[in-house]
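The entries below follow the order in which I looked things up.

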Amino acid sequence: MGSSFAGPSLFYFIKSTLGQSAKITSIHKWTYLFWFMAIVIASIIIPYDNRPDIWNNYIGTIISAQFTIYIIRSGWLLRNIFSKLFNVKENTSSTEKLLLSVFIGNLVIPVAFKLSVFSFFNGPCISGALFFSLILYLNVFLFISKRKTSSFFSDSQDPERYANKKIEDERALVLKEKLTQIILEQELYKNPDLKLNDLAQKINISSHQLSQLLNDNLGKSFAAYINEYRINEACQLIANNTPIKLEVIGYEVGFNSKSTFYAAFKKHTHTTPTLYKEQLSTI
């Protein structure tokens with residue numbers, strides 16, 4: 001049963017660590033419940049002791065296929081980290097190294113149990129156990145090292161790496177254009193619950209890289225950056241004489257309260273929505 005949980009657990013662990021899923025969702029719960037029930041029902045209907053051939057040839061194959069699918073999905077999540085291994089200008093953080101170690105360990109250990117790598121140790125069982133111990137000790141070492149340097153998996157990881165360091169101008173320009181395009185096309189700024197992690201996932205970079213791009217390269221916080229789109233949209237609606245109240249316009253463009261809208265509007269335009277509308281009418 002545990003083997004059927006290995007793939008989903010690896011995938012959700014990596015996804016959570018990269019900031020793409022901050023909490024356990026109903027999808028996660030249903031995934032585990034489905035495989036738990038499937039294995040329990042199969043064990044009742046076809047006990048392993050009675051039909052080991054079916055378990056080895058069919059059920060085992062299904063579990064292996066499921067594991068392979070989640071391995072591929074996990075590898076896709078880590079594609080940006082893998083690309084850093086071939087880019088001498090970019091360094092991997094300790095958290096990224098730990099994720100790579102966990103991922104590679106989940107690849108190596110099943111292979112070690114299947115193949116008799118250390119034939120002089122009497123087959124794959126010993127080989128698998130040795131590889132499992134090696135990966136376990138390595139990850140424990142990385143975990144302890146990470147705990148000593150910063151808060152584990154927190155937004156403050158590797159501060160020395162991100163402090164006063166900009167993304168290269170050429171790459172920053174590409175990311176900025178991609179960011180602008182996807183925000184405008186999907187009107188993401190209209191979502192009052194939009195988070196940094198959500199936006200980073202849209203352009204396939206980590207939340208730390210997006211934060212670095214906004215703060216160091218663009219000189220803006222995430223909130224200020226998104227509010228610019230909201231205020232620009234609000235100004236267009238006011239200029240077009242949209243027949244809705246000013247405070248309602250704030251909700252339309254993504255603000256979750258009237259006060260937040262008015263404060264952001266004044267910060268970006270140095271006037272209030274009411275005065276802005278009066279100025280347009282005068283012109």
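**Entry 1: H8 and H10.** In this predicted model, I first looked up how helix H8 (residues 169-186) and helix H10 (residues 207-217) are placed. Their axes come within 11 Å and cross at roughly 105°. An angle from 65 to 115 degrees counts as roughly perpendicular, and H8 and H10 are therefore roughly perpendicular to each other. On the H8 side I noted Asp169, Arg171, Ala172, Leu175, Lys176 and Leu179; on the H10 side, Gln209, Leu210, Leu213, Leu214 and Asn217 make the contact. I sorted the residues of this contact into 6 nonpolar, 2 polar and 3 charged.

**Entry 2: H8 and H11.** I next asked at what angle H8 and H11 pack. The angle is about 45°, and the axes lie 12 Å apart. H8 and H11 are therefore oblique to each other. I recorded their crossing as right-handed. From H8, the residues Leu179, Thr180, Ile183 and Leu184 meet Tyr225, Ile226 and Tyr229 of H11. I counted 6 nonpolar residues and 1 polar residue in the contact of H8 with H11, and no charged one.

**Entry 3: H11 and H14.** I then followed helix H11 (residues 222-239) to helix H14 (residues 273-282). The two axes come within 10 Å, with a crossing angle of roughly 45°. That makes H11 oblique to H14. H11 passes H14 in a right-handed crossing. I listed Cys235, Ile238 and Ala239 on H11, which meet Pro273, Tyr276, Lys277 and Leu280 on H14. The contact of H11 with H14 has 6 nonpolar residues, no polar residue and 1 charged residue.

**Entry 4: the cavity.** Finally, I asked how many cavities of 30 Å³ or more the structure holds. I found 1. The largest cavity contains about 30 Å³ of space. Which residues line the largest cavity? I noted Leu237, Ile238, Thr242, Ile244, Leu246, Ile249 and Lys277. H11 and helix H12 (246-252) each supply at least two residues of this lining. By class, the lining divides into 5 nonpolar residues, 1 polar and 1 charged.

How values were computed
Residues are numbered from 1 along each chain as its sequence is written. This is a predicted model: local features need pLDDT of at least 70, side-chain atom pairs count only at pLDDT 80 or more; totals for chains, interfaces and linings use all residues. Side-chain values use heavy atoms; hydrogens and water are left out. Axes are lines fitted to C-alpha atoms, for helices over the stretch in contact, and angles run from 0 to 180 degrees between N-to-C directions. Helices (H or I, at least four residues) and strands (E, at least two) are DSSP runs, numbered from the N terminus. Angles under 35 degrees count as roughly parallel, over 145 as roughly antiparallel, 65 to 115 as roughly perpendicular and the rest as oblique. A crossing is left-handed if the near helix is turned anticlockwise from the far one by less than a right angle, and right-handed if clockwise. Contact means heavy atoms within 4.5 Å. Ala, Val, Leu, Ile, Met, Phe, Trp, Tyr, Cys and Pro count as nonpolar, Asp, Glu, Lys and Arg as charged, and the others, Gly among them, as polar. On a 1 Å grid over the protein atoms alone, a cavity is a set of points where a 1.4 Å probe fits but cannot get out, and a pocket is an open set with protein on both sides within 12 Å along at least five of seven lines; lining residues have an atom within 4 Å of a point. Grid points are joined across faces, edges and corners, and a volume is the space filled by probe spheres set on the points.
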